[in-house]
Amino acid sequence: MPNRDRKTYTDANRAAWEASAHLHGTGEDWEALLASASLPGFSTFDPCLTATLQQIGLSGKRAVQIGCNNARELLSLAAFGAEPALGIDQSAAFLAQGAQLAAAAGLAPLLLEADIYDLPAGDLGQHDLALITIGVLNWMPDLPGFFRAVAGLMASGAHLVIYETHPFLELFDPASETPHTPAFSYFTSAPQTVTEAIAYDGQDHGAGETGYWFIHTMGAILTAMAGAGLRLETLTEHPHSNREPEYDLYEGRPAQIPMSYTLVARKA
């Protein structure tokens, strides 16, 4: 993808997240998150991701999260003995929330406002763990370029952990009158326009800035990752959702679809 096209999409997505940040930094949920960040063992990870991180063993390891949002997950890594060293996100407003959470947790990671495709010159350090969680890959217009940037932040032998929505779930629209009939092609390469404000609570918060969502096949994800010199160790597909509550209707069915996955890879 030409750099000028990629930047058009990433700039639009930055604006979309900036415009939605206020929905996440106020209210009861935010106040509860801020209070819990100061408690020993603070973690926002569900049992699935918790088990994966425990199996790897993070004690004493430096960690970077790409697409860290308000840094709640980056800070959660401290409960596993890791050093939350670097969080990267495009949204200054979300990183400002992250700074509040970090202060409450007594931690001081570098929270870097940057486009992953255009990281600032200089040494950002080499990290033993790179973490990518829900939704990040789908905002990325160029997977090969994305994984090259991620690999550049990783030390030799470092782990990459991805906990994401399964690409198969992207075929369905839970708001449709026929939510169990595929609404999108698994193989579409056209960006999907996102015009509503971005929130996690399943509520309609009205219009936001226009952003662009990309449906990537599992094959495209694995191929881009391998092309960046990252070797797959495990890929575990899950029957549970790790995204907005409206997708819960696809859980617990006799003919169950994959809804999320955990991927662990390693840099040579």
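How close do the axes of α6 and helix α7 come, and at what angle do they cross? In this predicted model, local features require pLDDT of at least 70 and side-chain atom pairs count only at pLDDT 80 or more, whereas totals for chains, interfaces and linings use all residues. Residues are numbered from 1 along each chain as its sequence is written, and side-chain values use heavy atoms, with hydrogens and water left out.

Helices (H or I, at least four residues) and strands (E, at least two) are DSSP runs numbered from the N terminus. Seven strands form an open sheet with mixed pairing, in the order β3-β2-β1-β4-β5-β9-β8; two strands pair if DSSP finds at least two bridges between them. The edge strands, β3 (110-113) and β8 (230-238), each pair on one side only. β8 pairs with β9 (residues 260-267) in the antiparallel sense over 8 bridges, and E237 stands opposite Y261 in β9.

Helix α6 (residues 143-152) packs on the sheet, touching β1 (62-66), β4 (127-132), β5 (154-165), β8 and β9; contact means heavy atoms within 4.5 Å. The direction of α6 makes about 135° with that of β5. Axes are lines fitted to C-alpha atoms, for helices over the stretch in contact, and angles run from 0 to 180 degrees between N-to-C directions.

The axes of α6 and α7 (residues 218-227) come within 8 Å and cross at roughly 45°. The two helices are therefore oblique to each other, since angles under 35 degrees count as roughly parallel, over 145 as roughly antiparallel, 65 to 115 as roughly perpendicular and the rest as oblique. Their contact is made by L143, P144 and F147 of α6 and A220, I221, A224 and M225 of α7.
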